[in-house]
Amino acid sequence: MISIKNLSKVFKTKDQTVNAVDDVSIDIPKGEIFGVIGYSGAGKSTFIRLINRLEDPSEGEIILDDQDIAALKKEPLRKKRQKIGMIFQHFNLLWSRTVFENIAFPLEIAGVQKNDREEKVQELIELVGLKGRENSYPSQLSGGQKQRVGIARALANDPTVLLCDEATSALDPETTDDILDLLVSINEKLNLTIILITHEMHVIQKVCHRVAVMEQGQVVEQGEVLNVFVKPQSKTTKRFVQQLSPLEHQIDRLDEFITDDEQSEVVKLHFIGNNAKRALISEVSKQLDVAINILQGSISPTQEGAYGTLYVEIKGERT
Amino acid sequence: MFNDIFPNVQMDQMWVATYETFYMTIISVIGTFILGILLGLLLYLTNRGNLWQNSIINSITASVVNVFRAIPFIILILLLFPFTDFLVGTIRGPNAALPALIIGAAPFYARLVEIALKEVDKGVIEAAQAMGAKAHTIIFKVLLPESMPALISGITVTAIALISYTAMAGVIGAGGLGDLAYMQGFQRRNFDVVFLCTIFIVVIVFIFQFLGDWSSRKVDHR
Ligand SMILES: Nc1ncnc2c1ncn2[C@@H]1O[C@H](COP(=O)(O)OP(=O)(O)OP(=O)(O)O)[C@@H](O)[C@H]1O
Ligand SMILES: [Mg+2]
């Protein structure tokens with residue numbers, strides 16, 4: 001369980017002050033994949049870097065396993081950081097070390113004995129699917145493989161939480177999906193809490209249980225991914241949801257299909273979870289004696305089940 | 001044939017001088033490497049935004065480095081006479097040249113070290129901090145290994161400067177090929193000795209350059 005309370009970060013430079021993170025409160029239960037989405041400059045990176053104190057908070061608490069990280073002194077913080085894994089957009093591997101040595105690095109830091117280290121590294125290499133590459137240098141790996149090394153390295157000291165700062169933003173769509181699948185499988189296998197930040201709704205949709213939307217340092221909306229999808233409240237969230245069904249913003253074009261018939265109406269249907277699998281349309285049309293004309297639809301899988309939208313025109317007697 | 005071209009050269013003297021030049025160069029390179037890395041690390045780490053950010057220590061170190069870099073080597077030797085006498089117990093011979101060589105070259109190398117360290121990816125240092133690394137772990141397992149190719153090419157450049165310093169030190173009687181070229185060659189008008197000494201020094205420079213390039217490439221896995 002991570003409990004973030006009234007977290008703020010103010011950057012003061014010569015000519016301006018920036019409220020990069022502004023009074024953010026979030027609770028994240030153990031084993032959850034929590035996403036933070038926002039446009040560039042929203043304060044996402046600053047937020048996630050506050051959690052392991054790569055940035056010092058201006059105000060607020062970060063309670064992780066009954067300890068306030070924001071209040072920790074240097075030495076206890078150093079120890080605590082060993083239990084907080086982090087992966088980065090640009091991987092940040094040591095080019096001077098092989099895959100094996102990179103993954104062993106956090107274990108060296110934690111003072112793990114050589115034999116135990118080797119065993120653990122082998123285990124991690126297998127977990128992230130890099131068997132056979134242990135003696136390669138990072139420069140000999142693809143982006144996706146580098147991020148696998150990054151993930152293995154982050155998991156080396158059995159962290160209680162994994163922080164991901166735009167972990168897939170430097171990867172192509174296919175590799176992104178592979179890495180996201182890996183994160184989900186690690187989350188399930190180890191019951192590991194994951195906090196990830198991104199500017200791609202696709203990432204949220206694919207892996208997150210809950211999501212927070214950030215704008216100018218503030219969380220403007222948070223909740224279950226499906227709820228946020230179905231009933232986006234803020235303008236920013238609506239724009240993100242549109243990313244998923246690109247046809248959504250072309251709704252105007254539907255006009256030409258809509259008949260001026262008194263007896264017809266256009267409705268937007270949401271399908272959530274298992275409902276998405278039912279043959280709803282044909283059921284309705286049979287039972288109610290109406291004609292249904294499908295105008296547009298889309299369906300996308302999420303962690304909590306499928307989510308679909310459908311625009312239909314219903315024709316029939318009004319009662 | 002050889003005696004026709006180099007009538008005044010005595011090969012046993014040549015070999016002794018070559019040995020002395022190698023001796024002075026290698027010991028002073030080692031000393032410069034250690035002192036230069038210490039100073040370079042101090043310059044880098046106390047710089048703004050880095051591990052031991054401290055503007056006072058930073059500007060003191062920078063001033064010392066700049067002052068010693070500004071002093072011409074030949075004058076530095078003269079300035080260090082009393083110090084050398086105290087430290088080595090003599091002001092003649094290869095050992096007497098070492099303090100001046102190291103103190104002359106280390107500030108130059110320190111700047112090269114600082115530049116090399118600045119090139120280390122900030123993200124990698126941050127990753128190590130995020131793992132809970134101590135300062136000495138970051139220095140010895142991140143900063144130095146990640147800048148090693150530049151540290152080696154820097155010490156190669158410095159070593160070649162040191163070879164020419166050893167020749168200059170020869171003028172005050174430090175021994176080596178410079179000494180031989182000056183005493184036996186120049187002063188006695190035996191220009192064949194000067195010429196052969198030059199060839200030997202050039203060969204030594206090439207050897208150091210080759211070794212430097214080779215090992216720099218060897219450690220570079222970028
Ligand atoms: N070290 C700093 N000093 C001053 N201002 C900063 C600093 N770091 C971040 N900021 C400011 O804080 C705000 C949030 O930055 P942040 O990097 O957290 O955004 P982000 O959401 O991660 O954006 P992106 O998607 O582009 O990475 C920006 O206005 C940025 O200029
Ligand atoms: Mg960012």
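User: Which helices supply at least two residues each to the lining of the largest pocket?

Analyst: α2 (74-81) of chain A does, together with α2 (11-45), α7 and α8 (135-169) of chain B. Helices here are DSSP runs (H or I, at least four residues), strands are E runs of at least two, and both are numbered from the N terminus. This is a predicted model, where local features need pLDDT of at least 70, side-chain atom pairs count only at pLDDT 80 or more, and totals for chains, interfaces and linings use all residues. Residues are numbered from 1 along each chain as its sequence is written, chains are lettered from A and ligands numbered from 1 in the order in which they are written, and side-chain values use heavy atoms, without hydrogens and water.

User: What counts as a pocket or a cavity?

Analyst: Both are sets of points on a 1 Å grid over the protein atoms alone. In a cavity, a 1.4 Å probe fits but cannot get out. A pocket is an open set with protein on both sides within 12 Å along at least five of seven lines. Lining residues have an atom within 4 Å of a point.

User: How much space lies in the largest pocket?

Analyst: About 770 Å³. A volume is the space filled by probe spheres set on the points, and points are joined across faces, edges and corners. The lining has 27 residues, and the closest to the pocket's centre are A:K74, A:R81, B:L51, B:Q129 and B:I138.

User: Which element gives the largest share of that lining?

Analyst: α2(A), with five residues. By class, the lining of the largest pocket has twelve nonpolar, three polar and twelve charged residues. Ala, Val, Leu, Ile, Met, Phe, Trp, Tyr, Cys and Pro count as nonpolar, Asp, Glu, Lys and Arg as charged, and the others, Gly among them, as polar.

User: Now cavities. How many of 30 Å³ or more are there?

Analyst: Four, in a search of the whole structure. The largest cavity has a volume of about 120 Å³. Of its 13 lining residues, the closest to the centre are A:I84, A:G85, A:M86, A:A154 and B:M131.

User: What gives the most to that lining?

Analyst: β6(A), with three residues. The lining of the largest cavity has eight nonpolar, three polar and two charged residues.

User: Switching topic: is B:F210 buried or exposed?

Analyst: B:F210 is exposed, with a relative accessible area of 55%. Buried means under 20%, exposed over 50%, partly exposed in between (1.4 Å probe, protein chains only). B:F210 is in helix α10 (residues 191-219) of chain B.
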